[in-house]
Amino acid sequence: PRSGRVFSGIQPTGVPHLGNYLGALENWVSLQHQYPSVLYSIVDLHSITQPQDPTQLKSNILDMAASLLACGINPEKAILFQQSQVSEHAELSWILGCLTSMPRLRHLPQWKMKSKVKNEGSVGLYTYPVLQAADILLYKSTHVPVGEDQVQHLELVQDLARIFNNRYGELFPEPCALLSSTQKVKSLRDPSAKMSKSDPQTMATVSVTDTPDDITLKIRRAVTDFTSEVTFDPETRPGVSNLVNIHAAVAMISVQEAVSQARGLDTGAYKKLVSDAVIQRLTPIREEIERLRSDRAHLERVLAQGTCRARELAAPVLAEVRQRVGF
Ligand code: ADP
Ligand code: NA
């Protein structure tokens, strides 16, 4: 086992999709066995940087909690909690925001992508990376699993740790990135884009709660090309290669092994093999989510216990911060 503390967060978007599972959550599950201290947060404060319907948000939080548990997050191994219930996040975010300049935030990817959509964005969306820094530093976290798109945000976290330490005396470790090595799962309808919950085309995204019939249909309709043989070449054959990547990931085999299992099959027959592999992997997760969803009290209890444990870690750090700042 390694030393250090892992922190990561996921927005309460309801049930995750296959990209979230293979790109992030699967790794979260293995990290809880590798590090002595692990925190996973459902980051609802982050989610309100975009408009949210309150009833929907509440149910998305519980669905995400059920999904994380069903994917294998073990509350005995990892502290699973809801960000907004630990008010120290918001308070530390304010203090760190006062150590950040406006230009430092302007070029970060989150703001550049999401504010463009409506040509405006909330102050919360602009300072989103500062809240991320607070999430991580509040627990003096040392390791943060991130996708490549989040590396610049983690650099801000490292800067803020250094700026705070220089001004107020050494307190925060500079956390390092645990870069995910898995390939991005691509949209089934447009393999030049990643699979994403914000994709309006339902056929493009496999949810971890999709039924076997849904999965078979979506993969059968997945965009491929006019060559019927299965080969792996993401540049020239992104659609087929995406299926190979998905197959390899869900069956936990190498890409070479996946291609060799496809030998002699045309893409139509291969799609059947891939959908069966996806179904086999997702069925226990779907069934467990259904079971957990029907026990809302249990989900609320798990989150409440996580909140207590997170607060126990956060409170003394924030008390130290307040004292250093002069409050
Ligand atoms: P979305 O794009 O659906 O909004 P998020 O940006 O909220 O997903 O990502 C949540 C986590 O899932 C992140 O760690 C991100 O890197 C990972 N992730 C999201 N989409 C994919 C994908 N298509 N392939 C691999 N990982 C993904
Ligand atoms: Na995100």
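Visitor: At roughly what angle do the axes of H3 and H14 cross?
Guide: In this predicted model, the axes of helix H3 (residues 54-71) and H14 come within 10 Å. Helices here are DSSP runs (H or I, at least four residues) and strands are too (E, at least two), numbered from the N terminus. The axes, lines fitted to C-alpha atoms over the stretch in contact, with angles from 0 to 180 degrees between N-to-C directions, cross at roughly 80°.

Visitor: How are H3 and H14 oriented to each other, parallel or perpendicular?
Guide: Angles under 35 degrees count as roughly parallel, over 145 as roughly antiparallel, 65 to 115 as roughly perpendicular and the rest as oblique. H3 and H14 are therefore roughly perpendicular.

Visitor: Which residues of H14 make the contact with H3?
Guide: Contact means C-beta atoms, placed from the backbone, within 7 Å. H3 brings Leu62, Ala65, Ala66 and Leu69, and these meet, on H14, Arg296, Leu299, Val302 and Leu303.

Visitor: Why do the buried residues of H4 sit on the same side?
Guide: In H4 (residues 88-97), the buried ones are Glu88, His89, Leu92, Ser93 and Leu96. Buried means 20 or more other C-beta atoms (placed from the backbone) within 10 Å, exposed 12 or fewer, partly exposed in between. The arc is taken from the directions from the helix axis to the C-beta atoms. They sit on the same side of H4 because they cover an arc of only 135°.

Visitor: Which helix gives the most to the shell around ligand 1?
Guide: Ligand 1 is surrounded by 15 residues (C-beta, placed from the backbone, within 6 Å), and the closest are Gly19, Gly23, Ala24, Gly147 and Ser196. With five residues, the top contributor is helix H1 (residues 18-34).

Visitor: Where is Lys140, with its positive phi?
Guide: Most residues other than glycine have a negative phi. Phi of Lys140 is near 50°, and the residue counts as partly exposed, with 19 C-beta neighbours inside 10 Å. Lys140 lies in the loop between H8 and strand E4 (143-146).

Visitor: Is Met252 buried or exposed?
Guide: Met252 also has a positive phi, about 55°, in the loop between helix H11 (238-251) and helix H12 (255-261). Since 10 other C-beta atoms lie within 10 Å, Met252 is exposed.

Visitor: What are the ground rules for numbering and confidence?
Guide: Local features need pLDDT of at least 70 and side-chain atom pairs 80 or more, while totals for chains, interfaces and linings use all residues. Chains are lettered from A and ligands numbered from 1 in the order written, and residues are numbered along each chain's sequence from 1.

How values were computed: Two residues are in contact if their C-beta atoms, placed from the backbone, lie within 7 Å.
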